[in-house]
Amino acid sequence: MLTADHLQFFLQVSRHGRLNEASRVLGVDHTTVGRRITKLEKSIGTRLFDRTPSGWRLTEAGHRLVTHAETVESALVAAFEGQRGDGGGLTGAVRIATPDGFGAFVLTPELASLRGAHPDLNVELVTATEHDALATREFDIAVTLEEPSPRFLVSRKLGTYSLRLYATPDHLARHTPVNSVEALREHTLISYVDALLDVAPLRVLDTVLPGARVHIQTNNIAGQWMGARSGVGIALLPNFIGEPDDRLVPVLPDRVSVERTYWTAIPRDLTGLARVRAVHRTLRSSVADNPYLTLAE
């Protein structure tokens, strides 16, 4: 007999592709997960996964079952949430995965309104590259710089911003005048650690100045911002970080300005949760209220 419990085991294996990962989420031994999947396949009379050396992969029948299983899961979670609620503020926890710049400079200042409306709701803000976040799927809602795969996620365009070069007036006064893009080679450049950067939309400096030597490399945008505002060099920063900082001035703003897009991604089984919808509204309002971002329709 097919039960919601069977479907939960099926969904976790389909999302993680490995019994060990699914068992960790489910809180059971991996052999238990394997037995449950085998029992499920026998009960419906078809194979749902191909067992391969690289992991468990959905068969065509497995792909067909995912949509129905997620619908059942979403309904059950929403029903449970409704029973726990008291008709007032939301409870529980929501984990948000975002790029560090968006999380620290755009979203965090806007969390006061969410807390005011729902004081019993806990927010976990995790900053990471979307490749890490989406691969592990350990989030309730994510902000990414690349359009997410629709396989297990519901995505929506959130908004756009610009990347521009910034430095302090003192740094610019002490070095070769920046009258062209090529002149940037005479300055200390600050950017990401190239070997650790796996997000294509952030690989901008190579496009702007091919072969440029980056003297100061850090894996987070806050470090780049602090380097620029301390007079260390020139950094390529989101305009929502550079423009409000009165210690910084734009460098070659008419020649170097690259637009990037943020997306939101929610696991399909969580789209019905009131607390996730509330956080999604906060994400959109945080973009709408920021003068340096443009909210997507």
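Which residues do ring pairs link into a cluster? In this predicted model, the cluster consists of Phe102, Tyr161, Phe240 and Tyr262, joined by ring pairs.

**Aromatic pairs**

- The structure contains 6 aromatic pairs.
- In one of them, the ring centres of tyrosine 161 and tyrosine 262 are 4.8 Å apart and the ring planes stand at 20°. Planes under 30 degrees apart count as stacked, and the pair of tyrosine 161 and tyrosine 262 is therefore stacked.
- Tyrosine 161 belongs to strand 6 (residues 153–167), whereas tyrosine 262 belongs to strand 11 (residues 257–267). The pair therefore ties together parts that are 101 residues apart in sequence.
- Tyrosine 161 and tyrosine 262 are both buried.

**Packing of helix 1 and helix 3**

- Two packed helices are described by the distance between their axes and the angle between them.
- For helix 1 (residues 4–16) and helix 3 (residues 30–44), the axes come within 9 Å and cross at roughly 115°.
- Helix 1 and helix 3 are therefore roughly perpendicular to each other.
- The crossing in which helix 1 passes helix 3 is left-handed.

**Residues where the helices meet**

- Helix 1 contributes Asp5, His6, Phe9, Phe10 and Val13 to the contact.
- On the side of helix 3, the residues they meet are Thr32, Val33, Arg36, Ile37, Lys39 and Leu40.
- Sorted by class, this contact of helix 1 with helix 3 comprises 6 nonpolar, 2 polar and 3 charged residues.

Note on methods: Residues are numbered from 1 along each chain as its sequence is written. This is a predicted model: local features need pLDDT of at least 70, side-chain atom pairs count only at pLDDT 80 or more; totals for chains, interfaces and linings use all residues. Side-chain values use heavy atoms; hydrogens and water are left out. Axes are lines fitted to C-alpha atoms, for helices over the stretch in contact, and angles run from 0 to 180 degrees between N-to-C directions. Helices (H or I, at least four residues) and strands (E, at least two) are DSSP runs, numbered from the N terminus. Angles under 35 degrees count as roughly parallel, over 145 as roughly antiparallel, 65 to 115 as roughly perpendicular and the rest as oblique. A crossing is left-handed if the near helix is turned anticlockwise from the far one by less than a right angle, and right-handed if clockwise. Contact means heavy atoms within 4.5 Å. Ala, Val, Leu, Ile, Met, Phe, Trp, Tyr, Cys and Pro count as nonpolar, Asp, Glu, Lys and Arg as charged, and the others, Gly among them, as polar. Rings of Phe, Tyr and Trp (its six-membered ring) pair if their centres lie within 6.5 Å; planes under 30 degrees apart count as stacked, over 60 as edge-to-face and the rest as tilted. Buried means under 20% relative accessible area, exposed over 50%, partly exposed in between (1.4 Å probe, protein chains only).
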